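This report describes selected strands, helices and contacts of one protein model. The sequence and structure come first, and the description follows.

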Amino acid sequence: MLKELFTSKTRIKLLLKLFLNPGVSSYLRELAAEFDVSPNAMKEELDGLSDAGYLNKKKEGRYIFYNANSSHPFFPEISSIVRKYIGIDQILEYILSTIGDVDSVYVLDDYAKGIDSGLIDVLIIGDDIDSDRIVDLCAKAEEAIQRKIRFMILGTEEFSKTSNIYLKRPNWKIV
């Protein structure tokens, strides 16, 4: 879907990384190495997106960090497109429909950092969660989004005692 809309593979990777989790910020050489492109090619993409207002630039020392501009009028739409491409919207719909009393849902690790690794780690917090239903729904979601979903369920009391362990990992609270 995004390949037809955006002709640059590097731009697609940037949108996925920075708009999937707007709290993520990266600098030019880090992104160039991660995406295996030249720093000049990366600079061109970053400059284009920054000049259009889609990305914020922040100088820290000798580095310039880039992150999604969440106050841009098109941010909600771009973020929605990225989430639909990854399938987060379908995962949420599946998880939140008839599985029990859900307090919160976190995406952990790669996807929280904005990296499309093909494995989505999901932490579900709540009481009386129907884990059999989640297994069934995740299987359907995996087929639909062509990504593996690995989930963990914690009760609210257990999570409150151990939250520091999970929240030290890169995380993105989505509910």
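## Surroundings of Ser50

Leaving aside residues up to four places away in sequence, Ser50 touches Leu55, Lys57 and Tyr66; contact means heavy atoms within 4.5 Å. Ser50 belongs to helix α4, residues 39-51. Its relative accessible area is 12%, so Ser50 is buried; buried means under 20% relative accessible area, exposed over 50%, and partly exposed in between, using a 1.4 Å probe and protein chains only.

The model is predicted: local features need pLDDT of at least 70, side-chain atom pairs count only at pLDDT 80 or more, and totals for chains, interfaces and linings use all residues. Residues are numbered from 1 along each chain as its sequence is written, and side-chain values use heavy atoms, with hydrogens and water left out.

## The three-stranded sheet

An open sheet is formed by three strands in the order β1-β3-β2, with antiparallel pairing. β1 (26-27) and β2 (55-60) are the edge strands; each has a single partner strand, so one side of each has no neighbour in the sheet. Helices (H or I, at least four residues) and strands (E, at least two) are DSSP runs numbered from the N terminus, and two strands pair if DSSP finds at least two bridges between them.

β2 and β3 (residues 63-68) run antiparallel and are joined by six bridges. Within this pair, Leu55 stands opposite Ala68 of β3.

## Helices α2 and α4

Helix α2 (residues 9-20) lies across β1, β2 and β3, at about 80° to β3. Helix α4 lies across β2 and β3, at about 115° to β2. Axes are lines fitted to C-alpha atoms, for helices over the stretch in contact, and angles run from 0 to 180 degrees between N-to-C directions.

α2 and α4 pack at about 60°, their axes 10 Å apart. The two helices are therefore oblique to each other; under 35 degrees counts as roughly parallel, over 145 as roughly antiparallel, 65 to 115 as roughly perpendicular, and the rest as oblique. On the α2 side, Thr10, Arg11 and Leu14 meet Met42, Glu45, Leu46, Gly48 and Leu49 of α4.

Strand β5 (residues 119-127) has seven of its nine residues buried, so the rest of the structure largely encloses β5. Seven bridges join β5 to strand β4 (residues 101-108) in an antiparallel arrangement, with Asp101 opposite Asp127 of β5.

Strand β6 (residues 148-154) runs parallel to β5, and seven bridges join them. Here Val122 has Phe151 in β6 as its bridge partner.
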